[in-house]
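Look over the sequence and the model first.

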Amino acid sequence: MAALPPFLLVFDISALISSSEREWREFSRVGDCFVPRAVLEEMQHLGDGATESSQEQTAREFIRFFPVGGWKSTLSIASHPSLKPAEGHALSKRARLALTVTQTAYGLARNRSDALVILVANDQGLMQRVRGLGVTNLCTIPLVALVQWRRTGRKPPVVSHQLQAMHTTVSTAAPVTSGKPSRSVTPTASPPAAPLSPPKRRSTRPAFRIPIANIFFNLLTLAIVGAAIALVWHLLSPNSFARFWRQLPFVESPPVKV
């Protein structure tokens, strides 16, 4: 089973205002938690005096929690054609903040292609804009889905779907051996081969290499066969064998009596 990519949680102000310090600590166990710099500044502004006392109290709790909770602020903003505001149309403060949050989540996804960036928000318009980007390693879930994920350990369906899309993209992509940009390789000339030695002239004389043991064995065999033939000849025709024997050069003839 393939290892899961890191989860990077990006929080919109709508999700932070609706949660508590206990939940913030639990969210850190799901993945690395990031807050866009613009959202962090807005939380500080609400802590100094919000219209609703509950929002002011939550903002103050978060400002105290942030330095010690292990969360991080990010300025990873990237532009996208669909994230540009219409010309001649003035954005409200809320719309500008939502646009900045979307650009931050998109920028973080581009900078961390190895991770799944999850934008946590309760703003439906913001979430719809993120879905429209169609980025493989970027998705968005509401706050309640993250709370349920943390309590049950079961990933929201959108997260599981996005993980499958990432796995498919990695499987079909060409293998990359290095993070550095590839460079065309110019074929280099091979070094000249060493001159071949002239073939050795083979002798035209036949080489007889018969082992001495074979010669001795053959002679011994002939001697035994010859002795057997002589013995049979002597038994069958003694006179004929005697005449043949006396004719051999190494047999000395008996002296003739006078």
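The model is predicted. Its sheet is open and has 5 strands, in the order β3-β2-β1-β4-β5. The pairing is parallel. β3 and β5 are the edge strands, each pairing on one side only. From one strand to the next, the twist averages 35°.

| Helix | Strands | Angle |
|---|---|---|
| α3 | touches β1 (7–11), β2 and β3 | about 75° with the direction of β2 |
| α7 (residues 143–152) | lies across β1, β4 (116–120) and β5 | about 90° to β5 |

Now the helix pair. Two packed helices are described by the angle between their axes and the distance between the axes. Helix α3 (residues 37–48) packs with helix α4 (residues 53–65) at an angle of about 125°. Their axes are 7 Å apart. Angles from 65 to 115 degrees count as roughly perpendicular and those over 145 as roughly antiparallel, so α3 and α4 are oblique to each other. Their crossing is left-handed.

Which residues make the contact? From α3 come Leu40, Met43, Gln44, Leu46 and Gly47. From α4 come Glu56, Thr58, Ala59, Arg60, Phe62 and Ile63. By class, the contact has 6 nonpolar, 3 polar and 2 charged residues.

Conventions
Residues are numbered from 1 along each chain as its sequence is written. This is a predicted model: local features need pLDDT of at least 70, side-chain atom pairs count only at pLDDT 80 or more; totals for chains, interfaces and linings use all residues. Side-chain values use heavy atoms; hydrogens and water are left out. Axes are lines fitted to C-alpha atoms, for helices over the stretch in contact, and angles run from 0 to 180 degrees between N-to-C directions. Helices (H or I, at least four residues) and strands (E, at least two) are DSSP runs, numbered from the N terminus. Angles under 35 degrees count as roughly parallel, over 145 as roughly antiparallel, 65 to 115 as roughly perpendicular and the rest as oblique. A crossing is left-handed if the near helix is turned anticlockwise from the far one by less than a right angle, and right-handed if clockwise. Contact means heavy atoms within 4.5 Å. Ala, Val, Leu, Ile, Met, Phe, Trp, Tyr, Cys and Pro count as nonpolar, Asp, Glu, Lys and Arg as charged, and the others, Gly among them, as polar. Two strands pair if DSSP finds at least two bridges between them.
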